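Me: I would like to go through this model in questions and answers. Please start with how the chain is divided.

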Amino acid sequence: MSQSGVYARRSAVYLLDQVLGEGRLLPELIGAGALEQLQPEDRARAQRLATETLRGLERADRILQKHLKKNPPMTVRNVLRVATVELCSGGAAHGVVNDAVELVSRNKGTASMKGLVNAVLRKVAATGPEEWKKLRVPHLPKWLRKPLVQAYGPEAVAAMEAAHFAGAPLDLTAKGDRGALHRSLGGDFLPTGTVRLESAGQVSTLPGFKRGSWWVQDAAASLPVQVLAPKEGEKILDLCAAPGGKTLQIAASGAEVTSVDDSELRMARVYENLKRTGLKSECIVGDVMEQTGEWDAILLDAPCSATGTIRRHPDLPHAKDGSEFGALIELQAVMLDHALSLLKPGGRLVFCTCSLLPDEGECQVEDVLERHEGLTVDRDALNLDGIDPAWITEEGGLRLRPDYWADKGGMDGFYMACLRKG
Ligand SMILES: C[S@@+](CC[C@H](N)C(=O)[O-])C[C@H]1O[C@@H](n2cnc3c(N)ncnc32)[C@H](O)[C@@H]1O
């Protein structure tokens with residue numbers, strides 16, 4: 001038995017205990033050092049195991065429930081879930097089952113269950129892989145499925161769930177020539193200018209990473225700055241900027257950008273990204289509501305439910321229950337009003353959120369237009385390469401969904417609109 005396998009699996013189980021038991025998010029746990037004691041290879045493996053288990057949780061539970069008379073304690077359940085997902089996705093039964101038994105044996109509180117774990121997983125190894133293929137695509141939890149069905153209909157939501165289950169490829173934004181980036185790395189060249197790689201391995205070892213010729217950014221997330229269309233010499237304010245993908249795009253255009261974020265920890269990522277790419281931005285760690293001045297253009301990438309990023313973050317629907325979203329929606333409206341007060345007359349503001357909920361997108365724009373006389377939506381700003389006119393909404397925003405471009409590997413859910421101050 002490999003100790004390295006046990007370490008990675010034990011850490012994956014710890015991550016699941018925290019997400020499913022404590023409602024914590026994986027990036028938060030990993031950022032706080034949950035995997036720091038592992039070697040880089042095991043760290044990547046633990047993260048992959050936890051992510052894949054969360055993505056396939058519904059299927060794993062359906063398979064396990066047939067072999068369990070009653071639910072074991074959370075940690076044992078999570079050991080069984082990780083092992084079931086591994087067994088059903090081609091993991092070698094001997095190693096997976098032995099490591100799972102070893103994991104429960106090591107803990108005094110669960111050691112008495114090693115016989116149960118062994119027996120259940122042997123059954124799963126025998127019949128699970130065939131059952132797995134026949135089970136339905138995992139559904140979103142009810143608290144999220146319901147509003148999405150209301151907004152988009154059941155078929156669209158089923159297509160989104162299929163996109164969530166499929167996961168996300170690696171998307172890159174070029175600092176300079178997109179064609180040259182595509183020629184050097186291969187992959188797909190998406191109609192909106194993103195280079196997409198199917199299986200990239202370790203990002204930091206890809207050509208051009210150290211030179212800062214590109215950065216990782218989902219195709220959908222690269223569009224708000226394209227809609228803003230920054231020009232050389234313009235004074236642009238990037239509000240809620242960390243970790244900085246959009247700051248880099250604005251800086252690469254030659255505009256003079258100031259980036260604001262109230263998280264010092266997340267702002268450290270902006271500094272790192274600026275250093276690696278050799279791009280420049282003035283960085284302010286502070287609250288959006290305390291900013292002053294007059295700007296040619298503003299990007300407000302407001303804090304939101306992040307429900308558009310579930311392909312990449314399958315922990316989100318399991319860790320959250322929607323109870324925080326009302327406060328976020330109110331905060332977005334207050335931030336929008338303040339951001340507009342910082343815009344010079346005739347200036348433009350792009351409002352965006354990585355959310356699938358219309359309350360955090362279409363409705364915000366409808367409401368802000370009512371609150372501010374003379375404010376208009378600039379529909380022309382959406383005339384960009386690769387934008388399907390069907391994605392443009394009634395009020396003049398751009399609604400992106402994970403089920404769009406299904407044949408190309410999907411995209412994150414996003415909403416954006418370009419507002420013009422009268
Ligand atoms: C969606 S993320 C921004 C992503 C970023 N624009 C990018 O492209 O990489 C939202 C950010 O808002 C920041 N934030 C939340 N409330 C804030 C506030 N009151 N003032 C400033 N930043 C805030 C969070 O720290 C978080 O980094």
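Reply: The domain bounds used here come from an automatic or database domain assignment. The model itself is predicted. On that basis the protein chain is divided into domain 1 (3-134) and domain 2 (218-420).

Me: What distance separates the centres of domain 1 and domain 2?
Reply: The two domains cover residues 3-134 and 218-420. Taken over C-alpha atoms, their centres are separated by 37 Å.

Me: Which element gives the most to the side of domain 1 that touches domain 2?
Reply: Ten residues of domain 1 are in contact with seven residues of domain 2. On the domain 1 side, at least two residues each are supplied by α1 (3-22) and α3 (40-55). With three residues, the element that gives the most to this side is α3.

Me: How do the residues of the side of domain 1 that touches domain 2 divide by class?
Reply: This side of domain 1 holds ten residues in contact with domain 2. They divide into two charged, two polar and six nonpolar.

Me: Which residues of the largest nonpolar core touch the most other members?
Reply: The largest nonpolar core has 105 residues. Helix α5 (residues 74-88) provides its largest share, eight residues, and at least three residues come from each of domain 1 (3-134) and domain 2 (218-420). The members that touch the most others are Leu 300 and Phe 351.

Me: With which residues is Phe 351 in contact, leaving aside its neighbours within four places in sequence?
Reply: Phe 351 belongs to the largest nonpolar core, as does Leu 300. Its contacts include Leu 300 itself.

Me: Is Thr 194 buried or exposed?
Reply: Thr 194 lies in the loop between β2 (188-189) and β3 (195-197). Not counting residues up to four places away in sequence, Thr 194 touches Asp 171, Leu 172, Thr 173, Ala 219 and Ser 222. The cut-off for a buried residue is 20 or more other C-beta atoms within 10 Å. Thr 194 has 27 C-beta neighbours inside 10 Å, so it counts as buried.

Me: Which are the edge strands of the open sheet of four strands?
Reply: The strand order is β2-β3-β1-β4, with antiparallel pairing. Over two bridges β2 pairs with β3, and Asp 188 stands opposite Arg 196 in β3. The strands that pair on one side only are β2 and β4 (214-216).

Me: Do β5 and β6 run parallel or antiparallel?
Reply: Strand β5 (residues 235-239) is mostly covered, with four of its five residues buried. Leu 237 stands opposite Thr 258 in β6. Five bridges join β5 to β6, and the direction is parallel.

Me: Which residues come nearest to the ligand?
Reply: Around the ligand there are 17 residues. The elements that give two or more residues to this shell are α12 (245-252) and β6 (256-261). By class, the shell has six charged, three polar and eight nonpolar residues. Those that come nearest are Cys 240, Lys 246, Asp 262, Ser 263 and Asp 301.

Key. Residues are numbered from 1 along each chain as its sequence is written. This is a predicted model: local features need pLDDT of at least 70, side-chain atom pairs count only at pLDDT 80 or more; totals for chains, interfaces and linings use all residues. A residue is near a molecule or strand if its C-beta atom, placed from the backbone, lies within 6 Å of it. Ala, Val, Leu, Ile, Met, Phe, Trp, Tyr, Cys and Pro count as nonpolar, Asp, Glu, Lys and Arg as charged, and the others, Gly among them, as polar. Two residues are in contact if their C-beta atoms, placed from the backbone, lie within 7 Å. A nonpolar core is a set of buried Ala, Val, Leu, Ile, Met, Phe, Trp, Tyr and Cys residues joined through C-beta atoms within 7 Å. A residue is buried if 20 or more other C-beta atoms lie within 10 Å of its own, exposed if 12 or fewer, and partly exposed in between; C-beta atoms are placed from the backbone. Two strands pair if DSSP finds at least two bridges between them.
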